[in-house]
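Please walk through this structure with the sequence at hand, beginning with a single residue and widening the view from there.

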Amino acid sequence: MACRLTGHTAFALAIAIVGWPSLGVAQTQVVLPSPLRLVDVVRIAGERRAEIDAARARTRAAEQRPAIVSALQDPMVSPSLDHLPFMWGGADVSVTLEQQIPLSGIRGHRRASALADVDRLRAEAGRAGLDVGLQAATAFLMLQERQRTQALLSEQVAFARGVVAAANARYASGTAPQSDVLRAEVEVARLEAQARSLLSEVRGAESMLATSLGLDADTPLPPLQAVVVPQPPPPWPALRAALIERPELTAVRAEITRAEADVQVMRDMYRPMATIRTGPSYTMTDGKGWMAMVGLSLPIWRGKLRAGVAEAQAMRAMSDAELRAMTRMFEGEAATATSQVQAWRDRQDALNTNVLPRARMAIGPAIAGYTTGQLPLVSVIEAVQALWIVQADVIVADVELGLAWVRLGRAIGSYEEVLR
């Protein structure tokens with residue numbers, strides 16, 4: 001039975017068909033927690049960034065190498081025409097199956113070398129996770145700084161407009177010159193210009209945070225939770241112990257294991273390789289039969305073998321030296337990061353405890369003095385600007401303290417110790 005669609009029905013059906021793929025896309029979008037915490041940012045970046053997927057795929061590829069390098073060489077089937085008389089009176093023929101078998105543990109040592117490579121690549125994947133976590137955390141803190149600065153600018157603009165109203169009132173009453181009004185209006189215009197330019201900076205910081213999470217640049221973000229790190233940094237013995245698990249050191253230790261296996265591989269070259277060849281044969285005189293052959297390689301070029309062992313031993317010594325140097329460097333990096341955390345904690349405490357309360361206390365007397373005609377407008381503006389500078393310093397101290405904590409986590413190879 002045929003069915004005709006009216007215009008409105010056809011239009012609605014077309015909209016439904018066009019909108020169907022977009023509905024599927026919307027259902028696959030990531031739902032970010034609200035408010036978005038710093039620890040959530042590090043976790044989501046480690047789960048969604050393409051760099052992590054690439055590192056894991058590289059590790060999966062390397063996991064196949066042990067089976068490849070430890071396998072025997074492929075056997076060779078060799079049909080042979082051993083003898084063909086010129087008179088074409090018959091022929092001697094054979095078909096042999098040849099297999100080479102090492103008479104040493106070289107296959108096991110090659111497998112050990114490949115397994116060490118797998119461990120190294122797994123450590124590299126861990127290093128990539130730490131790097132993307134640091135990038136996402138930095139983007140989170142930068143966005144938080146710009147959002148807090150934006151809120152502070154809004155308060156400053158409102159206060160500056162109040163100063164303009166007070167200056168206009170005094171000018172109308174004849175107790176203040178017109179220059180006070182113009183000076184106050186200049187301050188309002190300056191703050192409004194900063195607020196307008198900060199809008200683009202906030203949008204840029206939002207895009208940077210979204211992309212650092214593996215999302216589209218225009219992905220809407222939930223509100224950010226303030227970062228509170230009141231606790232002091234962990235003691236140095238605990239940090240030094242945590243350094244052992246840093247992925248870079250794990251990768252170097254895997255390099256040492258691989259170098260040791262490579263030394264054994266080169267030493268196994270001193271031992272011969274056996275070759276077994278067997279198969280059916282046919283001769284014109286004796287008819288059908290079977291043939292077999294066993295051969296041994298002759299590793300007589302000792303200079304080449306000694307050079308190979310020396311090269312592998314040198315690579316092993318190089319990896320040992322790299323491990324010592326990297327450990328010392330990472331200890332210095334962790335110690336410096338610990339000092340930075342303590343320095344910014346001290347600065348934050350000084351600003352919140354001593355500087356900011358005093359800057360706020362100076363506002364009331366300055367406004368009262370200007371209202372009564374005892375102080376010029378410039379005194380009010382200077383007191384207010386001093387407060388604004390301190391408030392901006394507090395925001396910077398909070399953000400830098402958060403960055404110092406994140407860098408400390410990167411230095412010790414784990415964010416769990418610092419982002420709880």
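Which residues does L408 touch, not counting residues up to four places away in sequence? In this predicted model, L408 touches P233, P234, L239, A334, A337, T338, V341 and V418 once those sequence neighbours are set aside.

One of these partners, T338, can be followed from its own side. T338 is found in helix α9, which covers residues 302-361, and when its neighbours within four places in sequence are left aside, T338 is in contact with P233, L239 and L408. The relative accessible area of T338 is 16%, and because buried means under 20%, T338 counts as buried.

As a general background, nonpolar side chains tend to be buried together in soluble globular proteins.

From the helices we turn to the strands. Four strands form an open sheet in the order β1-β2-β3-β4, with antiparallel pairing. The edges are taken by β1 (76-83) and β4 (287-296), and because each has a single partner strand, one side of each is left without a neighbour in the sheet. Averaged over the sheet, and with direction ignored, neighbouring strands are turned by 20 degrees against each other.

Within the sheet, β2 (residues 92-102) and β3 (residues 273-283) pair in the antiparallel sense over eight bridges, and V93 has Y282 in β3 as its bridge partner. The pairing of β3 with β4 is likewise antiparallel and runs over ten bridges, with T283 standing opposite G287 in β4. A hairpin of three residues joins β3 to β4. Of the ten residues of β4, the number buried is one, so this strand lies largely in the open.

What remains is the setting of the aromatic rings. The count of aromatic pairs comes to zero, with ring centres required to lie within 6.5 Å, but charged side chains do meet rings: R170 lies over the face of Y370, at 4.6 Å from the ring centre, while the charged end of R246 sits over the ring of F330, 3.6 Å from its centre.

Technical notes
Residues numbered from 1 in each chain as written. Predicted model: local features only at pLDDT ≥ 70, side-chain atom pairs only at ≥ 80, totals over all residues. Heavy atoms only, no water. Phe/Tyr/Trp six-rings, centres within 6.5 Å; stacked < 30°, edge-to-face > 60°. Lys NZ or Arg CZ within 6 Å of the ring centre and 35° of its normal. Helix = DSSP H or I, 4+ residues; strand = E, 2+ residues; numbered from the N terminus. Buried < 20%, exposed > 50% of the residue type's maximum accessible area, 1.4 Å probe, protein only. Contact = heavy atoms within 4.5 Å. Pairing = 2+ DSSP bridges. Axes fitted to C-alpha atoms, helices over the stretch in contact; angles between N-to-C directions.
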